[in-house]
Amino acid sequence: MKHEKILVLDFGGQYNQLIARRVRELNVYCEVHPYTMSLEKIKEFDPKGIIFTGGPNSCYLPNSPVIDKEIFELDIPILGICYGSQLMAHLLGGKVLKADVSEYGKTEINIVGDSKLFDDCHRQTTVWMSHTDYIKEQPKNFVVTAYSDDCPIAAMEDEKHKLYAVQFHPEVMHTVEGKMMLKNFVYLICGCRGDWQMANFVKQSIKDLKEKIGDGKVLCALSGGVDSSVAAVLLSNAIGKQLTCVFVDHGLLRKNEAKEVEEVFGPKGSYKLNFIKVDASERFYQKLKGVTEPERKRKIIGEEFIRVFEDEAKNIGHVDYLVQGTIYPDVIESGLRKSAVIKSHHNVGGLPSVVDFKEIIEPLRLLFKDEVRKVGLELGIPSNLVYRQPFPGPGLGIRIIGEVTKEKIKIVQEADYIYREELTKAGIDKELGQYFAALTNMQSVGVMGDERTYEYAIALRAVNTSDFMTADWARIPYDVMDIISRRIVNEVKGVNRVLYDFTSKPPATIEFE
Ligand code: XMP
């Protein structure tokens, strides 16, 4: 089935994924590609509309990201956002300059004329601005459709050529009518009808997977997390017993986790899966001995995973495909752009390039997390599993700062268990996006009874987030924290101090490594 598609061309701004998610929420399929995508490829992609994202550069300086002007002649509607709007102005003969005052934060704009982009929006509306350059003069054929006190051209358009530009960010929540503006662009201007529905996705994926795999044998890496569980059940619906799920206990799981996964997916669970549990902890511990550098740890764990699967595949006999639960943010974060790789994600960057399988299948590769959850519900997976909080592939390996040892794993497992248990008891676990305990590499002095102690500090982390790209630290009530802290210090051997991480993302990341 051919979907209507919107293409997001990425100029390096921080909200790029958010734009794509917003468009998908409007039931229109959307992909993010780097601005360097060739015109040929763009034509091949055949989008109903294109969105240029924001970005940190000044379009009038040499070496700034730029695009072939011919793109404006493809007769495809284009919406430029922030940098994207300035670039459109600059390339088409308008004037972009550095502003005397940067505009940052919530701003009122006044809409003039009757732009389709602002259909059903108020004449004065709050938007989110974040820019230092501004469009001083619009190109010929363009009319100004909105202005603010500090920004004479907050929006402009050339309706005839379906070119639209906004200086502000319609994709962020603070732009009160941003969703409406994007809807107007996608539906009124690009003429989409909204054919991206998860029920269709499920049907189509099952059909495609059946066709692709034929009577081949498939091995699925099942971790019990949302993504791999949804991938496994999707595959199982497509090819039944041709699928074998391998659950690797790398010894870096949370307390009781291995048992819980086995209960759901194992022989006694409700799915009729071929399920194999491999206890590979010793292999991982050996490989991780003496390793302290976070990226090396990630790479080692990722690589060892594949080796374990290869060994399993050999035991099973011939295997054609390996399934992984990679999702779209992993794909984007692992180096769509030339910007720095923050972390090599297990499932993508952490994989070795030589793999003993014909091909890796990633059926969720194009989905955002909320879409994966919808697919899970469509497939009848219980909601407690579908809404499970994320647990990273490298597991506790990246929640223990410095060298991973059995002793440290035990400490962090016990502390994390208490933390989770108390948050559930307090009834606030479901309000939180993600929460966990990590083991700092710091030992410090304490006193227990009359004895001096010199033990580890546990760091607790809890964040609220809607997309895991940005996150705010969670305000957990002090009395709950008090219980947790006391219990951890009293019950977990080797800990004499509990710290709470008050850092948002950015500048921190959610995980510690
Ligand atoms: P960071 O630490 O990058 O985490 O802010 C963002 C989200 O991603 C999860 N995470 C991972 N998930 N494999 C995964 O499947 C990984 O290697 C990985 N690293 C981080 C993290 O738990 C958070 O939800």
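Modeller: Let's start with a term: pLDDT is the predictor's confidence in each residue, on a scale from 0 to 100. It matters here since this is a predicted model, in which local features need pLDDT of at least 70, side-chain atom pairs count only at pLDDT 80 or more, and totals for chains, interfaces and linings use all residues. Residues are numbered from 1 along each chain as its sequence is written, and side-chain values use heavy atoms, with hydrogens and water left out.

Colleague: What is the mean pLDDT of the chain, and where does pLDDT stay under 50?

Modeller: The general idea is that where pLDDT is low, the predicted coordinates should not be read in detail. Here the chain has a mean pLDDT of 92, with 95% of its residues at 70 or more. Residues 348-354 stay under 50, and the model gives them 21 contacts beyond four places in sequence. A contact means heavy atoms within 4.5 Å.

Colleague: Thanks! Now strands: in which sense do β11 and β12 pair?

Modeller: Helices (H or I, at least four residues) and strands (E, at least two) are DSSP runs, numbered from the N terminus. Two strands pair if DSSP finds at least two bridges between them. In this model, β11 (residues 243-249) and β12 (residues 274-279) pair in the parallel sense, over six bridges. To see one of them, find F247, whose bridge partner in β12 is K277. Between the two strands the chain passes through helix α7 (residues 257-265), and this β-α-β crossover is right-handed. Right-handed has a viewing rule: with the strands pointing away from the viewer, the path from the first strand over the helix to the second runs clockwise.

Colleague: And helices? Which residues of α8 are buried?

Modeller: An α-helix has 3.6 residues a turn, so residues three or four places apart point the same way. For burial, the relative accessible area decides: under 20% is buried, over 50% is exposed, and in between is partly exposed (1.4 Å probe, protein chains only). In helix α8 (residues 281-288), the buried residues are S281, F284, Y285 and L288. Those residues lie on the same side of α8, because they cover an arc of only 100 degrees around the axis. That arc is taken from the directions from the helix axis to the C-beta atoms. The buried residues pack against β11, β12, α9 (294-316) and α13 (406-425). Just after α8 comes G290, with a positive phi of about 80 degrees.

Colleague: Which glycine follows α11?

Modeller: G380 follows α11, and its phi is positive, near 80 degrees. In α11 itself (residues 369-378), the buried residues are K369, E371, V372, R373, V375 and G376. Their cover includes α1, α5 (198-213), α6 (226-239) and α12 (383-386).

Colleague: How many aromatic pairs are there, and how are F11 and Y83 arranged?

Modeller: A pair of aromatic rings is described by the distance of the centres and the angle of the planes. Rings of Phe, Tyr and Trp (its six-membered ring) pair if their centres lie within 6.5 Å; planes under 30 degrees apart count as stacked, over 60 as edge-to-face and the rest as tilted. By this rule the count is 16 aromatic pairs. F11 and Y83 make a tilted pair, 5.7 Å centre to centre with 45 degrees between the planes. This pair links distant parts of the chain, 72 residues apart: F11 is in the loop between β1 (5-10) and α1 (16-25), and Y83 is in helix α3 (residues 83-91). Both F11 and Y83 are buried. By contrast, F265 and Y271 count as stacked because their ring centres are 5.4 Å apart and their planes at 20 degrees. F265 and Y271 are buried too. Ring pairs also link F11, Y35, F52, F72 and Y83 into a cluster.

Colleague: Is Y15 buried or exposed?

Modeller: Y15 is buried, with a relative accessible area of 18%. Look for Y15 in the loop between β1 and α1. Leaving aside residues up to four places away in sequence, Y15 touches W128, H169, E171 and V172.

Colleague: Finally, the backbone: which residues does a cis peptide bond join?

Modeller: One joins K505 and P506, with omega about -20 degrees, and another joins P506 and P507, with omega about 10 degrees. P506 lies in the segment after β18 (495-500). D46 is partly exposed, at a relative accessible area of 42%. D120 also has a positive phi, of about 70 degrees, and counts as exposed at 64% relative accessibility.
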